[in-house]
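Dear colleague,

I am passing on the structure we spoke about, together with some notes on its fold and its charged side chains. Please read the notes with the coordinates open beside them.

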Amino acid sequence: MALTYTAIATVTVGSGGASSIEFTSIPGTYTDLLVKLSCRTTKTGDLTTYVDLVINSDTGAYYDQRNVSGMLNGTISNQSWTNQNSFYVYQVNTDSATANTFSNTELYIPNYTSSNNKSISQDGVAESNTSSSGNRALALVAGHYHPSSNTAITTLKFTPDSNNFAQYSTATLYGIKNTV
């Protein structure tokens, strides 16, 4: 079975930054969704931060996830959350990371049009040449979106935990079809 990827939409943040990146009116003509993020935020302090993902404007306590993170000093940690109001997208560069470097993240959502709960997987890595060893460098995340009323995913909204997305941050949404 061959898979075909189609770019549905790309958002590039302009001068002055943006408080969020949103994909709306996602067509139901694909099997799965894939989002590729290359971004950084204007937050200062820590080298990395997270971005909230809200599906279908639903901020109810319907998001669960478990992540495994690798630190720059080689330490591995894991965390889990249940019944959160958003999905946490990890290892996003901040303004304190090396200048002009962007984190890279991929989110995969299979069967997004089904009337069942939705799984979300994420692979993300921060990019920085700083010597700080206590910050996270990469994360693998398995998540679950279990709304009170299951419907197809039509909207994805990404919002930094604080501050804005920095200029030149990009997000591309792909639709994936199985072809026989």
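Which side chain meets that of Arg40 in a salt bridge? The partner is Asp95, at 3.6 Å from N to O, where a salt bridge is a side-chain nitrogen of Lys or Arg within 4 Å of a carboxyl oxygen of Asp or Glu. The two residues are 55 apart and link distant parts of the chain, with Arg40 in the loop between strand 3 and strand 4 (48-55) and Asp95 in the loop between strand 7 and strand 8. Arg40 counts as buried because its relative accessibility is 4%, whereas Asp95, at 45%, counts as partly exposed; buried means under 20% relative accessible area, exposed over 50%, and partly exposed in between, with a 1.4 Å probe and protein chains only.

Before the rest, some notes on provenance: this is a predicted model, in which local features need pLDDT of at least 70 and side-chain atom pairs count only at pLDDT 80 or more, while totals for chains, interfaces and linings use all residues. Residues are numbered from 1 along each chain as its sequence is written, and side-chain values use heavy atoms, with hydrogens and water left out.

By the rule above, the count comes to 3 salt bridges. In another of them, Glu106 meets Lys36 at 2.6 Å, N to O, and this pair joins strand 8 to strand 3 (residues 32-39) across 70 residues. Glu106 is partly exposed at 32% relative accessibility, and Lys36 is partly exposed at 36%. Asp161 and Lys43 also form a salt bridge, at 3.2 Å from N to O; Asp161 lies in the loop between strand 11 and strand 12, Lys43 in the loop between strand 3 and strand 4, and they are 118 residues apart. Here Asp161 is partly exposed, with 26% relative accessible area, and Lys43 is buried at 17%.

As for the fold, the chain has 0 helices and 12 strands, these being DSSP runs numbered from the N terminus (helices H or I, at least four residues; strands E, at least two). Of the 180 residues, 42% count as buried.

Asn100, in the loop between strand 7 (87-93) and strand 8 (103-110), has a positive phi near 60° and is exposed at 70% relative accessibility. Asn163, in the loop between strand 11 (156-160) and strand 12 (170-179), has a positive phi near 65° and is partly exposed at 45%.
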